[in-house]
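Hi,

Here is the structure I promised to pass on. Have a look at it first, and then read on for what turned up.

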Amino acid sequence: MKGPEEPSPARRKTGRPLSFDRNAALEQAMLTFWRHGYETTSIVDLTTAMGVTAPSLYSAFGDKKRLFLEAARRYAGDLEAMAREFQGAPTAYDAANAMLTRAAIAYTGDTTPKGCLLASATASGSAEACDVQGEVAGIRSAIAACLEARIKADVVKGTLPAATDAAALAGLIMAVAQGMSVLARDGASRSTLFGIVAAALAAWPQTDVARAGSDRDDG
């Protein structure tokens, strides 16, 4: 029989409870990193945006690096839920279309910074930030792996040609998403990004049966 659960370090701490809404503060930190990037965002920038003092920030989030990584995970969302969504889509094409369409909308929001936090916040940085860049790259790799698994499932079902390179096709979709982030930060409109999504997905591989049906429809 198991004994009482050992209190976690966080639960062993004593002192006054947080005097601010942690989730709301994290949301503001996410937006600040998204707007300015990881290394160029200062603690003063963060405390001003979050409405907290520096001691409160350190107490709640540890340090700037851990705060950024938590904000990046908040931005990326639940990767397990994403994997389930991809697997539940009618086809891998539908999963990729939904992913790119959501990205086009998110990158051009009226109340959020332009582009993608994961693409822009650590696009460049010093050697001291390489571990942060690695963490962000890991999030992107996990998303690509979810899409690759869905593509492989379609290959097995025959929805995609047997010769389809699942890793390359997933990489193409990720590259389009990252490129759209750059264009959005340069001022590209949502309709422009939608056009890019359509053009990219026009190159989606088809089985001979699907291609023949498409040719008949065109005729």
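Let's start with a pair of charged side chains: E70 and R22 form a salt bridge, with 2.6 Å from N to O. E70 sits in helix α5 (residues 64-76) and R22 in helix α2 (residues 22-36), so this contact ties together parts that are 48 residues apart in sequence. Both ends are partly exposed: E70 has a relative accessible area of 22%, and R22 has one of 27%. Keep in mind that this is a predicted model.

K65 forms a salt bridge with D131, and their closest N and O atoms are 2.6 Å apart. Here too distant parts of the chain are linked, as D131 belongs to helix α9 (residues 130-157) and K65 to α5, 66 residues apart. D131 is partly exposed at 36% relative accessibility, and K65 is partly exposed as well, at 29%.

How many salt bridges are there in the whole structure? The search finds eight.

Now for helix α10 (residues 166-185). With 20 residues at 1.5 Å a residue, α10 should span 28 Å, and its end C-alpha atoms are 29 Å apart, which agrees.

Which residues of α10 are buried? They are A166, L169, A170, I173, M174, V176, A177, M180, S181 and A184. These residues cover an arc of only 150 degrees around the axis, so they lie on the same side of α10. What do they pack against? Their partners are α7 (92-107), α8 (117-120), α9 and α11 (190-201).

D165 caps the N-terminal end, with a side-chain oxygen 3.3 Å from the backbone nitrogen of A167. Just after the helix comes G187, which takes a positive phi of about 110 degrees.

Cheers

Key
Residues are numbered from 1 along each chain as its sequence is written. This is a predicted model: local features need pLDDT of at least 70, side-chain atom pairs count only at pLDDT 80 or more; totals for chains, interfaces and linings use all residues. Side-chain values use heavy atoms; hydrogens and water are left out. A salt bridge is a side-chain nitrogen of Lys or Arg within 4 Å of a carboxyl oxygen of Asp or Glu. Helices (H or I, at least four residues) and strands (E, at least two) are DSSP runs, numbered from the N terminus. Buried means under 20% relative accessible area, exposed over 50%, partly exposed in between (1.4 Å probe, protein chains only). The expected span of a helix is 1.5 Å times one less than its number of residues. The arc is that of the directions from the helix axis to the C-beta atoms. Contact means heavy atoms within 4.5 Å. A polar contact is a pair of N or O atoms within 3.5 Å; within protein, one must be able to donate a hydrogen and the other to accept it, and residues adjacent in sequence count only if both atoms are side-chain atoms.
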